[in-house]
Amino acid sequence: MRGAMELEPELLLQEARESVEAAQSYRRELGHRLEGLREARRQIKESASQTRDVLKQHFNDLKGTLGKLLDERLVTLLQEVDTIEQETIKPLDDCQKLIEHGVNTAEDLVREGEIAMLDGVGEENEKLWSFTKKASHIQLDSLPEVPLLVDVPCLSAQLDDSILNIVKDHIFKHGTVASRPPVQIEELIEKPGGIIVRWCKVDDDFTAQDYRLQFRKSTSNHFEDVYVGSETEFIVLHIDPNVDYQFRVCARGDGRQEWSPWSVPQIGHSTLVPHEWTAGFEGYSLSSRRNIALRNDSESSGVLYSRAPTYFCGQTLTFRVETVGQPDRRDSIGVCAEKQDGYDSLQRDQAVCISTNGAVFVNGKEMTNQLPAVTSGSTVTFDIEAVTLGATNNSEGGNFKLRVTISSNNREVVFDWLLDQSCGSLYFGCSFFYPGWKVLVF
């Protein structure tokens, strides 16, 4: 009894410790959820504030633009009034000048006649004789035509108030407010030197024609386009390892020109070291990041290996053929357990590869299954998983078995690859016998 009594406080103490630890864990989890709520509230508040600013700016711009358009239309109409007025007043001005000239002539003739008549009639009255002669040469019965009021312009402005209803209808339908963007980033998958970005529609009523993906380093203020197209997945390359990047995507509706609002930015990074080809090999020219190899005109031949064994089982290794040259049955693209100099192809022991004609080789032996020939733009992927980590009793030899899946041009082959030793990581390599072949690895 005493022993049991002595253990009881210890059990109670242990139970108390566990309760305290559980309470601490519970408090931490609640703290995380509070932080999540704060982030959610911040996103709503900030996005609402940004939306208000966008709406105000947009409608202020519209008002300014509409004001300018109305002013320009008013100026045009006033210029039309001026033109009509000037063109139709000119004939009246000409007629007025003609009439005023006639009035002046008639007044002068009246004064001269009255003076001549005051002198009386006589044989020596030259004034009266001169006046009558002068009057006979003036057409006192010829009067200019003055247009009737119904025949001259009477300007007016026709202003249809229905434009207000049309504009009002368009204004009332202009713009929408959405509670969330129509597309969102669904998944970020790290790759050596890259990140696969996948997105999806979240608005069933939205029909997307194209998508637009942007990214930036978290320390940068500027997003840049990396993809525009109809696909819902894209691999962003040139990603520095262990650096945070932000990604966002938007869409363009079917038959529309404007882009939708951006998705909520997602942060991703890659912890995987970028794949690189070995520099300094005479037969190949490399890109600045050493992830693209071009078979040059050099007569040197052999296998171009990766700088280090950076491919690990469980990952997907991807080769993309950017350009092609003349094919050769000894060409190879694949992986190997270790570098072996002296070979001109990966069609050898302790390596698996595909030739540019589509033939698949395992430890130097050609398989009966064949893939399509490699062409410009072809993508070849290797997926390798460890099947056996111990010794095997296989007549073909080899102590370790790996399950290999090679895919190319929507077809794949699956086979087991036997190795003499366990490999935690593998090299990749390629060999081409003619210039022009360019391969990107990621």
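Domain bounds in these legends come from an automatic or database domain assignment. The structure is a predicted model, in which local features need pLDDT of at least 70 and side-chain atom pairs count only at pLDDT 80 or more, while totals for chains, interfaces and linings use all residues. Residues are numbered from 1 along each chain as its sequence is written, and side-chain values use heavy atoms, with hydrogens and water left out.

**View 1. Domains of the protein chain.** The assignment divides the protein chain into domain 1 (24–139), domain 2 (183–268) and domain 3 (284–441). Taken over C-alpha atoms, the centres of domain 1 and domain 2 are separated by 54 Å. The UniProt record, an unreviewed entry, places the feature "domain: Fibronectin type-III" at residues 181–274; UniProt positions are given in the numbering used here, feature names are shortened, and annotations may be inferred rather than shown by experiment. Residues 181–274 are 0% helix and 53% strand, and the end C-alpha atoms of this span lie 33 Å apart. Helices (H or I, at least four residues) and strands (E, at least two) are DSSP runs, numbered from the N terminus.

**View 2. The open sheet of 4 strands.** The strands follow the order β4-β3-β6-β7, with antiparallel pairing, where two strands count as paired if DSSP finds at least two bridges between them. Because β4 (224–229) and β7 (266–268) stand at the edges with a single partner strand each, one side of each is left without a neighbour in the sheet. Neighbouring strands of this sheet are turned by 30 degrees against each other on average, direction ignored; axes are lines fitted to C-alpha atoms, for helices over the stretch in contact, and angles run from 0 to 180 degrees between N-to-C directions. Strands of a sheet pair through backbone hydrogen bonds, either parallel or antiparallel.

**View 3. Strand β3 and its two partners.** Strand β3 (residues 208–217) is joined by 9 bridges to strand β6 (residues 245–253), and the two run antiparallel. In β6, G253 is the bridge partner of A208, and A251 stands opposite Y211. Towards β4, Y211 stands opposite G229, and 5 bridges join β3 to β4 in an antiparallel arrangement. With 6 residues between them, β3 and β4 form a hairpin.

**View 4. The open sheet of 3 strands.** The order here is β1-β2-β5, and the pairing is antiparallel. The edge strands, β1 (183–191) and β5 (233–237), each pair on one side only, and neighbouring strands of this sheet are turned by 25 degrees against each other on average, direction ignored. Strand β2 (residues 194–201) runs antiparallel to β5 and is joined to β5 by 5 bridges, with V197 standing opposite F234 in β5.

**View 5. The largest pocket.** About 2,000 Å³ of space lies in the largest pocket. Pockets are found on a 1 Å grid over the protein atoms alone: a cavity is a set of points where a 1.4 Å probe fits but cannot get out, whereas a pocket is an open set with protein on both sides within 12 Å along at least five of seven lines, and lining residues have an atom within 4 Å of a point. Grid points are joined across faces, edges and corners, and a volume is the space filled by probe spheres set on the points. Of the 40 residues that line the largest pocket, T51, A178, P181, P261 and W262 are the closest to its centre. The elements that give two or more residues to this lining are α1 (2–118) and β6, and α1 gives the most, with 13 residues. The lining of the largest pocket divides into 17 nonpolar, 14 polar and 9 charged residues, where Ala, Val, Leu, Ile, Met, Phe, Trp, Tyr, Cys and Pro count as nonpolar, Asp, Glu, Lys and Arg as charged, and the others, Gly among them, as polar. Domain 1 (24–139) and domain 2 (183–268) both give residues to the lining of the largest pocket, so the pocket lies between them.

**View 6. The second largest pocket.** About 790 Å³ of space lies in the second largest pocket. Of the 23 residues that line this pocket, the closest to its centre are L70, R73, L74, L77 and I163.
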